[in-house]
Amino acid sequence: MTGIRELLLSRIRDVADYPEPGVMFKDITPLLADPAAFAALSDVLADIARATGATKVVGLEARGFILGAPVAVRAGLGFIPVRKAGKLPGATLSQAYDLEYGSAEIEVHAEDLTTADRVLVVDDVLATGGTAEASVQLIRRAGAEVAGLAVLMELGFLGGRARLEPALAGAPLEALLTV
């Protein structure tokens with residue numbers, strides 16, 4: 001796993017002062033452009049999905065779609081997009097959550113999750129944990145069980161893990177990299 005972590009880290013670019021001064025943005029597009037690195041990431045996350053006993057993978061808009069869909073395919077599971085409010089046609093379940101400055105809402109198709117499902121949530125970054133926490137609440141409201149949450153990177157200094165652990169209620173939180 002150390003070799004994979006080094007490969008992944010080597011393909012993440014730091015972009016200073018983006019999207020605003022004082023922020024060091026972690027750009028994963030070089031990782032996505034490298035087929036060996038992207039395949040290695042997909043394989044590790046698919047292994048996590050299998051280990052948790054997941055029956056479905058939820059990807060959080062938008063980079064969670066990019067990471068989660070190949071994980072679902074590699075693990076032989078269904079993929080469910082969790083989108084910003086108003087982006088899905090048909091009947092949806094929604095979950096509002098607070099942001100640092102304001103609030104937001106996410107949605108899932110009501111029929112995509114059932115009580116028989118165990119769901120692994122996949123995203124690129126765990127920052128403050130607000131979106132991930134809302135997705136866990138949304139999955140449970142849909143009647144499914146949360147099998148765990150897996151992210152490429154955890155920004156440890158933002159405290160997302162501490163916020164999420166009570167909501168996960170013992171389900172694992174796997175971060176491949178912590179920065």
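Trainee: What volume does the largest pocket have?

Mentor: This is a predicted model, in which local features need pLDDT of at least 70 and side-chain atom pairs count only at pLDDT 80 or more, whereas totals for chains, interfaces and linings use all residues. Residues are numbered from 1 along each chain as its sequence is written, and side-chain values use heavy atoms, with hydrogens and water left out. The largest pocket has a volume of about 1300 Å³, a volume being the space filled by probe spheres set on grid points that are joined across faces, edges and corners.

Trainee: Which of the residues that line the largest pocket are the closest to its centre?

Mentor: Of the 38 lining residues, the closest to the centre are Arg63, Val125, Ala127, Leu155 and Leu158. On a 1 Å grid over the protein atoms alone, a pocket is an open set of points with protein on both sides within 12 Å along at least five of seven lines, while a cavity is a set where a 1.4 Å probe fits but cannot get out; lining residues have an atom within 4 Å of a point. Strand β7 (118-126) gives the most to this lining, with four residues.

Trainee: Why is Gln95 called buried?

Mentor: Gln95 has a relative accessible area of 15%, and buried means under 20%, exposed over 50% and partly exposed in between (1.4 Å probe, protein chains only), so Gln95 is buried. Gln95 lies in strand β5 (residues 92-99), strands being DSSP runs of E with at least two residues and helices runs of H or I with at least four, numbered from the N terminus.

Trainee: What makes the pairing of the Gln95 and Arg141 side chains a polar contact?

Mentor: The two side chains come to 3.1 Å, and the definition asks for a pair of N or O atoms within 3.5 Å, where within protein one must be able to donate a hydrogen and the other to accept it, and residues adjacent in sequence count only if both atoms are side-chain atoms.

Trainee: How do you know that Ala169 is exposed?

Mentor: The relative accessible area of Ala169 is 61%, so by the cut-off of over 50% Ala169 is exposed. Ala169 lies in the loop between α6 (160-168) and β9 (173-178), and its phi is near 50 degrees, a positive value in a residue other than glycine.

Trainee: Which peptide bond is cis at Pro19?

Mentor: A cis bond joins Tyr18 and Pro19, with omega about 5 degrees.
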